[in-house]
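Q: I have a new structure open and would like to go through it. Can we start with the surface and then look at the side-chain pairs?

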Amino acid sequence: MAEKILVCEQCDLVHRAVPVPAACDQVCTRCGALLDRGRSASRVDPLALVVASLILMVLANAQPIVELAIRGQSVSTTLFNAIVVLFGEERPIVATLVASTTLLAPCAELLAMCYVLLPLRAGVVPPRLSLVMRGIQTVRPWGMIEVFVLGTVVAAIKLAHVARVVPGGGIWAFAALVLLMAATASTFDAARVWRRAFAIDRLAVLRGQQSADRAALSVDAP
Amino acid sequence: MSATTAVPTAARLGLAVCRFCRQVARLPAGRVDGGLCPRCGATLHVRLPDSVARTWAFLIAACALYVPANLLPVMRTSSLFGYQRDTIMSGIGFLWRSGSHGLAALVFTASVVIPLAKLLLLSYLLLTVHRRVATGARARAMLYRLLEGVGRWSMLDVFVIALLVGLLRLHALAEVEAGAGAAAFGVMAVSTMLAARSFDPRLIWDAAEAVDAPGGRHG
């Protein structure tokens, strides 16, 4: 008798789920908030995208972001160097903000997705799965690489008034990373992850949570 | 369902939606939070706890930081021609005067318009919740979504400064350093983002329906 129910997270309206094509987004009828995202017909492997993103992340940090020709010399910097400089000249707050939003948060998100997807692929529920899944949701909004890319463009144009500026490999890699991480986030299907984890070993999932006996009753089967 | 005209909200039906995994669960009878999501183990809440108080707290912190963020210099440069201190506004002025009108407008939007809009409009949303304004709920819901989506872009200038300082300082090309205003600005931007995250948009609709949903307004 349990028909699928969707609750809007932004206006609390309860919806009865109706069959829709899988590729359609479902939105709240009252306030327009997204209820459930559509899945595209071609199932891209999220793990492949995660690994690709990680590789790109390494590439983006290994190469200089911009190259500057000034006073006869050619200089450049990587993101990491810029952060180190900020720490070095006693601007720890700014350095921490930049490091957190361009390195720590995106890497944490990617590594957490790996941590979840790899073991499940092998048929094992990773320990503390619930904590890591919640961690992914928490950390995701704090990755701001796209803002960083735009900031680099603005800085480069400011510098272009006094020197010749050439975009380094790093900036292209970061720009590609923005797109790739967006694709990864939309391909990562949390509901599917949960279904697989519960199918493999329900007890292991529950054991990894705080206290299963306080659990509320689910309205439909997880 | 009884023949009332009441809109079926989760709060009315004793349901809660998990804020992490969107699982819908029936709460233990009579409770409004404390139950755990059966799928991901997160604590379930009908409304975000202390949403109004937390949002005000972050907003006030952001307001307090707004002044030093704009008055203190974000970048200091020394050259043969003297010592120059740039604030957010003077940086925008520099861009405008050098002909990059589009960029100046962009940085102005990101560094001045967006933070100010977040401070003013989030305050407005909170006030409408306090006064239980019933009309225009959908517009306010869309306003909230806009504020939440656009907030990250106010960090733009922090990255501009980080790159300029990182690049020029590393190679001793110019005596340049990030000023205290940069830190104030960055923390202010983060504070507005936290304020938007702690605001529970369901409170907008509670006011419109004159439902006294527990949790949201207390504290």
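**Surface patches and side-chain pairs**

A: Arg196(A) is partly exposed, because its relative accessible area is 39%. Keep in mind that this is a predicted model.

Q: Where does Arg196(A) lie?
A: Arg196(A) is part of helix H7 of chain A, residues 190-207. A positive surface patch also includes this residue, together with Lys4(A), Arg43(A), Arg192(A) and Arg195(A).

Q: Which residues form a nonpolar patch on the surface?
A: Val51(A), Ile55(A) and Leu59(A) do, with about 250 Å² of accessible area together. Leu59(A) sits in helix H1 of chain A, residues 46-62. Its relative accessible area is 42%, so Leu59(A) counts as partly exposed.

Q: Now the rings. How many aromatic pairs are there over all chains?
A: A search of the whole structure gives four. One of them is Phe148(A) with Phe174(A), an edge-to-face pair with 5.2 Å centre to centre and 75° between the planes. This pair links distant parts of the chain, 26 residues apart: Phe148(A) is in helix H5 (residues 145-159) and Phe174(A) in helix H6 (residues 169-187), both of chain A.

Q: Are Phe148(A) and Phe174(A) buried or exposed?
A: Both are buried. Ring pairs also join Phe148(A) and Phe174(A) with Phe159(B) in a cluster.

Q: What about salt bridges, how many over all chains?
A: The search finds eight. In one of them, Arg121(A) meets Asp45(A) at 2.8 Å, N to O. Arg121(A) lies in helix H3 (residues 92-121) of chain A and Asp45(A) in the loop between strand S4 (34-36) and H1 of chain A, so the pair ties together parts 76 residues apart in sequence.

Q: And how accessible is Arg121(A)?
A: Arg121(A) is partly exposed, at 47% relative accessibility. Asp45(A) is partly exposed as well, at 30%.

Q: Which residue forms a salt bridge with Glu109(A)?
A: Arg140(A) does, and the closest N and O atoms are 2.8 Å apart. Arg140(A) is in the loop between helix H4 (129-139) and H5 of chain A, while Glu109(A) is in helix H3 of chain A, so parts 31 residues apart in sequence are tied together. Arg140(A) is partly exposed at 23%, whereas Glu109(A) counts as buried at 5% relative accessibility.

Q: What is there in chain B?
A: Arg202(B) forms a salt bridge with Asp200(B), with the closest N and O atoms 3.0 Å apart. Arg202(B) and Asp200(B) are both buried. Salt bridges that share partners also join Asp12(A), Arg47(B) and Asp206(B) into one network.

Key:
Residues are numbered from 1 along each chain as its sequence is written. Chains are lettered from A and ligands numbered from 1 in the order in which they are written. This is a predicted model: local features need pLDDT of at least 70, side-chain atom pairs count only at pLDDT 80 or more; totals for chains, interfaces and linings use all residues. Side-chain values use heavy atoms; hydrogens and water are left out. Patches are made of residues with over 30% relative accessible area and no salt bridge: like charges are joined within 9 Å, nonpolar side chains (Val, Leu, Ile, Met, Phe, Trp, Tyr) within 5 Å. Accessible areas come from the Shrake-Rupley method with a 1.4 Å probe; for residues, only the protein chains shown count as cover. A salt bridge is a side-chain nitrogen of Lys or Arg within 4 Å of a carboxyl oxygen of Asp or Glu. Lys and Arg count as positive and Asp and Glu as negative; His and the chain ends are not counted. The place of a charge is taken as NZ of Lys, CZ of Arg, CG of Asp or CD of Glu. Helices (H or I, at least four residues) and strands (E, at least two) are DSSP runs, numbered from the N terminus. Buried means under 20% relative accessible area, exposed over 50%, partly exposed in between (1.4 Å probe, protein chains only). Rings of Phe, Tyr and Trp (its six-membered ring) pair if their centres lie within 6.5 Å; planes under 30 degrees apart count as stacked, over 60 as edge-to-face and the rest as tilted.
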